[in-house]
Amino acid sequence: MEKVIDRISITRFYPEKGQVELTEVFPNEKFLWNADVHPVPVKNRNWGPITYFSIWTSMIFIIPSWTLASIGIVMGLNVLQSIFLVFLGNLIVLIPMIIQSHGGARYGLAEPQLTRSRWGTYGAIFPSWIRAIIGAGWWGIESYIITEAATAMYAILTGKLNIVAYTVSHYSDYPFVLSKDFPQIFWGTFVAVIVLQIIVFYYSPVTKSQPILKWLARIGGPIILLSYLAAWLYFMSKVNWSVNLFSLSPSTHASLLSILAFLNANIAFWATMALTMPDYTRFAKNQFSQTIGQIPMPFLMLAVAVLATMTTATSLELYGQPIWDPIVLVSLHMPSPLSILILLGFMLATFLVNVFANAVGPAYDIANTFPKHLTWFRGSLILIAIGLALGAWSYYGNAYSYINNWLLTYGGLLGSVEGVIIFDYAIIRRFKFDLADVFLSSGRFKYWKGINPAAVITFLIISAIIYLPYPGESIALDNAWILSFLLSGVIYLPLMKYWVIPKYQPEIKGSLTHGYYSEETLRIFMKK
């Protein structure tokens, strides 16, 4: 039986900002509520567009973004095709990202609690853990890259670059060069990098709008941008500002499936953030702030792809081999102390993306499993343990393994999860729902025993299409994110309209053309 609650009296809507806050707390709902996950009061939502732009600048100017265009060339695309698909993939993923971000900015909710309205109060744990595990894998990759930059600095300062140069000339998997040359230094530094991240997490309380993270984003963005620009300027000046991008020619010709696979991989690259952004937009001043701050994202990715290909083409002209890994390139072919400064910038860039993209959101997901005992910080510690167990950095050194075993594999999972979330929020709810029920075990998002069966059925059908072996299954995998996202709407919307809403949410009325609302929701949003 649904708990009797006056939703209208405890829910406040600010029409001038389009934001909603909850004035009631729910300490008795020990499995669904704690202070960290409670909607951020409107007065504490103080992140503006510069903060969101800085976050994206901090996250995009990283080593995996820099090397992304090279994967397209390995797969047989020419340089211009590869650069264009990097841009297109990120432009596509920006659309669900802005829609998902809207929920965080409107309701002050982090992603796991927002997801309860779509997957159910307890069912939301499942997609949250999918995102948490993927985030933990990326956390391991980025921590590895931070360590790579630090070890490169060690090689420079101790005069051991000749060892690195020899290995590079005999060993093609650049990300593993430094761990191979200096294993004790490398893995000791890896431990230090982990400890430093734990310290930052500890001093970033959610209840105070995570001030350290906001400060890091604002100062880190410009430093990171300058570091990558400095590397580009240095190598471009070495070739008198004249470089032939088409010297980076593929060894094979790309098939249509290879092109689609590379496009889907680029969508999957930030698909975790398309799900995660409410963890940051819950602090937004208004919708304008989060939207304007995020729109530059695909253009920043385009800029990185162009800078990376130009810089790599210069390395081919100057040194006879295309060096895509900027850590190796800067270490071997830039003078000290300039190389040291740029490597420090690379480390800061990777550290920030590891915090923003791979730790904050997944830590919320893990804490959402048992809010009574798991704070956001404790969730971050569990995240680190999962990331170390996964060892996803082992995929990073090989282009095909990176695309197929990592990006496309998790892209299919996230595509269906995000499809359910976006089609529910934008089509069924039309951006309006009963906020209090997110924290009520007997509320309107209870569905069937706390699980939305339409979301689960949709996910299982799509997972079978993407991952089960059958003739032509590779075609589905190569189109993993786009296929799973679109199919989720085809499956989920009819299930909700004809079954789940009439059976489990009879309080909400409407249609797919106009949206479904309860009487309380209409009154809260001042609609007659």
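**Questions on a predicted model**

Modeller: The model is a predicted one. Let us begin with Thr281, which is found in helix α13, residues 278-281.

Biologist: Is Thr281 buried or exposed?

Modeller: A residue counts as buried when its relative accessible area is under 20%. The relative accessibility of Thr281 is 0%, so Thr281 is classed as buried.

Biologist: Leaving aside neighbours within four places in sequence, with which residues is Thr281 in contact?

Modeller: Contact requires heavy atoms within 4.5 Å. With neighbours within four places in sequence set aside, the residues in contact with Thr281 are Tyr52, Ser101, Gly104, Ala105, Gln290 and Gln294.

Biologist: Is Ile95 buried or exposed?

Modeller: Ile95 is found in helix α4. The cut-off for an exposed residue is a relative accessible area over 50%. Ile95 has 55%, and therefore Ile95 is exposed.

Biologist: How many Å apart in space are Ile95 and Val490, C-alpha to C-alpha?

Modeller: In sequence, Ile95 and Val490 are 395 residues apart. In space, their C-alpha to C-alpha distance is 18 Å.

Biologist: Which residues make the contact of α3 and α4, and how many of them are nonpolar, polar and charged?

Modeller: From α3, the contact involves Leu68, Ala69, Gly72 and Ile73; from α4, it involves Val79, Ser82 and Val86. Gly is counted among the polar residues. By class, the contact has 5 nonpolar, 2 polar and no charged residues.

Biologist: In which sense do strands β1 and β2 pair?

Modeller: Strand β1, residues 11-14, pairs with β2 over 4 bridges. Thr11 stands opposite Leu22 in β2, and Arg12 stands opposite Glu21. The two strands form a hairpin with 4 residues between them, and Gly18 in the turn has a positive phi of about 70°. The sense of the pairing is antiparallel.

Biologist: Which residues of strand β2 are buried on each side?

Modeller: In a regular strand, side chains alternate between the two faces of the sheet. Strand β2 covers residues 19-22, and both of its faces are covered. The buried residues are Gln19 and Glu21 on one side, and Val20 and Leu22 on the other.

Conventions: Residues are numbered from 1 along each chain as its sequence is written. This is a predicted model: local features need pLDDT of at least 70, side-chain atom pairs count only at pLDDT 80 or more; totals for chains, interfaces and linings use all residues. Side-chain values use heavy atoms; hydrogens and water are left out. Buried means under 20% relative accessible area, exposed over 50%, partly exposed in between (1.4 Å probe, protein chains only). Two strands pair if DSSP finds at least two bridges between them.
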